[in-house]
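Reader: I am new to this structure and would like to go through it in steps. Please show it to me.

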Amino acid sequence: MLDSIINAFTKGDLAGLNSKLLHSAYWSQHNATLYGSEKLNTVLSHWLSFAGKCTVVDHHTIEQGNHCIIHLTFEPINNKVTINYVFWLETNHLMIKSVKAIVDTVQLATASQHERKQVSASLPASDPLMISDYDQQDHLQNDIAWPSMLVGKHIEKAEILDAWWALWGQNQLSNIDKIYSENAIINLSGHKTHLNRDLLFEYVLSKTSKLTRTFAQLEDIAIDGQHVAIKWFLDGDEGSHKIRLPFISILKIESNHITNETTLCDVLAFNKSFPLSTLFE
Amino acid sequence: MNHKTALTNNIMPLPQSNVTQLYWKNLPALLNPTAPKSQTLEGFDNEFIDIVDYIIRITHRIWEQKNVGLCNNYYAEYCPVHTLGAYADAVSSVVTGTLQTISAFPDRSLIGENVIWRDLGPDQGYYSSHRITSIMTNKGLSEFGEATHKTGRVTTIADCVCFENKIVYEWLVRDNSFLVKQLGIEVLDASEHFAKIPTHPKFEEWRQAEICRVRAQQQSEHQYKTPVDKAVLEFSSKWLDTLFNQKNFGKANVFYHINAKLQWPGGRQAVGIPGIKGTIIQWLASCPDAQATCDHVCAVPFEQETDVVDIAIRWSLTGTFSSKDKKLSAYCGQNFFILAASHLRLVSGKIAQEWTVFDEVAAYANLIRDFNSTNDNSGAK
């Protein structure tokens with residue numbers, strides 16, 4: 001799987017990756033879900049037209065059951081700026097059933113030396129998502145997902161994952177200093193360089209302070225050794241508009257502290273889907 | 001899937017069998033099955049190994065290979081087909097409809113997502129509930145209006161009774177509101193266009209009878225003798241009754257996992273119980289006195305996993321239309337009717353994933369037809 005994805009995204013080996021995708025597979029990226037023979041053409045031609053030929057400077061794979069999460073860091077051959085890309089595969093280890101991918105489109109624009117609006121304009125039309133309004137409060141019903149409820153409270157990392165989730169789920173910013181190691185390396189979408197704990201504090205605040213009735217929902221978690229991948233989204237009201245921002249986070253946990261985190265969202269696709277939003281201004 | 005809930009709702013593993021499972025099978029393998037026959041398939045062509053194989057291969061031959069004339073082979077000469085917007089019962093109508101759809105959407109490809117089935121016994125054949133994702137580009141005049149030249153995808157659930165190699169009865173639901181939005185057409189505009197298409201005389205008869213039946217909470221006349229797993233039947237009836245009839249949304253956690261995923265018509269997507277409750281509440285608010293009936297249930301195990309079950313439910317709902325949407329306000333007070341199908345994937349007794357399909361475009365078109373008919377009869381213009 002790893003080789004097929006690397007070859008497709010660095011050299012344009014479409015056939016190699018296509019042979020790993022089931023006929024019924026779908027590819028979900030940029031807030032659009034693509035099926036059929038054109039899906040990979042659409043994704044790859046967009047990527048290659050901006051990133052061009054590139055190399056993989058770092059990669060990591062997390063596997064649990066039918067989940068395989070591949071984090072690749074690309075570097076275009078003509079520009080030494082890195083681009084983070086995460087592929088969350090559903091696979092039986094022979095074939096791929098679905099791909100949920102997030103690329104840092106702001107890094108892509110920077111690395112390809114294109115205006116953000118050029119990259120944005122070329123993204124596929126997003127699905128006509130309809131977010132029905134709902135009560136984001138739990139009212140003591142225990143209906144809201146926490147990591148320990150999905151992975152099991154007995155799992156070693158359950159406690160730290162709950163503390164990490166409280167950052168986004170409950171705005172519990174004080175947890176940052178408790179759960180991140182002092183020298184933690186934190187990669188967040190739209191930033192060219194690593195951030196430290198103080199800048200993470202500002203990043204979380206910059207999102208949650210612009211929203212009311214925020215609600216973070218876990219979709220899936222995969223744990224593989226020291227690494228944890230989490231698929232989730234943030235909902236909230238921005239004025240009278242409801243927004244949804246999907247994320248994939250990859251954490252490295254050592255000695256009960258987060259030492260490395262990459263949290264990706266697709267900023268340009270988000271801005272295209274929610275043109276009135278100022279979340280990333 | 002992370003679903004760490006203990007076995008609940010008494011859903012026990014269904015009997016395993018070797019009937020084809022679609023999920024991890026690639027198309028070439030599905031079109032060239034090598035496994036031995038796993039069902040008797042009395043009266044079916046010898047080439048088919050089971051009901052799933054039959055459904056997948058005939059669909060491929062008719063739609064992808066464009067052998068539209070094969071409808072004459074695989075549909076009975078008299079085959080009632082119900083959709084929320086039309087009725088047909090002659091195989092020639094099926095041929096006409098298929099041809100017109102392919103003409104409007106020439107590259108339409110059908111991806112079989114799942115076939116959930118039930119053996120109805122030697123006298124009645126098999127019931128299949130086929131969930132399909134179609135991808136298609138609108139290149140010609142369709143029931144929604146002029147060609148838009150845009151590509152969209154749509155989920156369809158086709159519930160068919162198959163007897164002796166032919167489909168003899170069909171209920172077909174398609175998420176047309178999601179499709180038209182991708183084609184750049186307003187849902188209500190599509191409904192207005194759709195409402196102008198004349199319907200078969202039996203359509204109104206059927207719709208009015210269904211509205212009366214569902215309002216009276218009577219069961220569908222289409223009942224079959226072979227048993228359905230009692231726990232599956234109970235879960236399905238309670239799910240529909242608790243949420244849609246009793247409207248006790250606080251009990252959603254009895255039915256759904258905390259990270260359950262839901263796909264509903266028109267692009268409604270939710271993950272988790274708050275979002276799922278919100279989706280159903282917001283939709284039911286346009287028909288607050290809605291009553292639903294559970295019309296058919298069948299279930300199969302998912303792959304060979306012992307605690308994963310796929311359930312197909314065909315259901316109907318009626319009530320008084322009371323939308324707060326300004327564009328729809330003219331139709332408030334009229335009868336609202338939905339023919340729906342849901343596929344539920346249960347893990348350890350709770351829903352991990354739900355796909356619910358009904359045709360909002362047709363539902364609104366019926367409101368428009370009723371409105372126009374009343375106003376024509378009263379002389380209003």
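Author: What follows is a set of questions and answers on a predicted model.

Reader: How much area do chain A and chain B bury between them?

Author: The two chains touch through 39 residues of chain A and 35 residues of chain B. Of the area buried between chain A and chain B, 55% is on carbon and sulfur atoms. The buried area itself is about 3300 Å².

Reader: Which strand of chain A supplies the largest share of the side that touches chain B?

Author: Across this interface there are 15 residue pairs in polar contact. On the side of chain A, strand 1 (21-29), strand 5 (83-91), helix 6 (147-151) and strand 8 (212-224) each supply at least two residues. That side divides into 17 nonpolar, 13 polar and nine charged residues. The largest share, six residues, comes from strand 8 of chain A.

Reader: Which residue of chain A forms a salt bridge with B:Lys277?

Author: Three salt bridges are counted between chain A and chain B. In the one formed by B:Lys277, the closest N and O atoms are 3.5 Å apart, and the cut-off for a salt bridge is 4 Å. The partner of B:Lys277 is A:Asp143.

Reader: Which are the edge strands of the six-stranded open sheet in chain B?

Author: The strands of this sheet follow the order 2-1-6-5-4-3, with mixed pairing. Neighbouring strands are turned by 15° against each other on average, direction ignored. An edge strand pairs on one side only, and this holds for strand 2 (87-90) and strand 3 (109-121) of chain B.

Reader: Which residue stands opposite B:Thr156?

Author: Strand 5 (residues 151-163) and strand 6 (residues 166-174) of chain B run antiparallel and are joined by eight bridges. The residue opposite B:Thr156 is in strand 6 of chain B, and it is B:Arg174.

Reader: What angle does the direction of helix 4 of chain B make with that of strand 2 of chain B?

Author: Helix 4 (residues 91-104) of chain B packs on the sheet. There helix 4 touches strand 1 (78-82), strand 2, strand 4 (125-137) and strand 6 of chain B. The angle between the directions of helix 4 and strand 2 is about 125°.

Reader: How many residues apart in sequence are the parts that B:Arg61 and B:Glu47 tie together?

Author: Over all chains, the whole structure has 26 salt bridges. One of them joins the side chains of B:Arg61 and B:Glu47, at 2.8 Å from N to O. B:Arg61 lies in helix 2 (residues 51-64) of chain B and B:Glu47 in the loop between helix 1 (27-31) and helix 2, so the parts they tie together are 14 residues apart.

Definitions and conventions:
Residues numbered from 1 in each chain as written. Chains lettered and ligands numbered in written order. Predicted model: local features only at pLDDT ≥ 70, side-chain atom pairs only at ≥ 80, totals over all residues. Heavy atoms only, no water. Contact = heavy atoms within 4.5 Å. Buried area = accessible area lost by both parts, 1.4 Å probe. Polar contact = N/O pair within 3.5 Å; in protein donor to acceptor, adjacent residues only side chain to side chain. Helix = DSSP H or I, 4+ residues; strand = E, 2+ residues; numbered from the N terminus. Nonpolar A, V, L, I, M, F, W, Y, C, P; charged D, E, K, R; others polar. Pairing = 2+ DSSP bridges. Axes fitted to C-alpha atoms, helices over the stretch in contact; angles between N-to-C directions.
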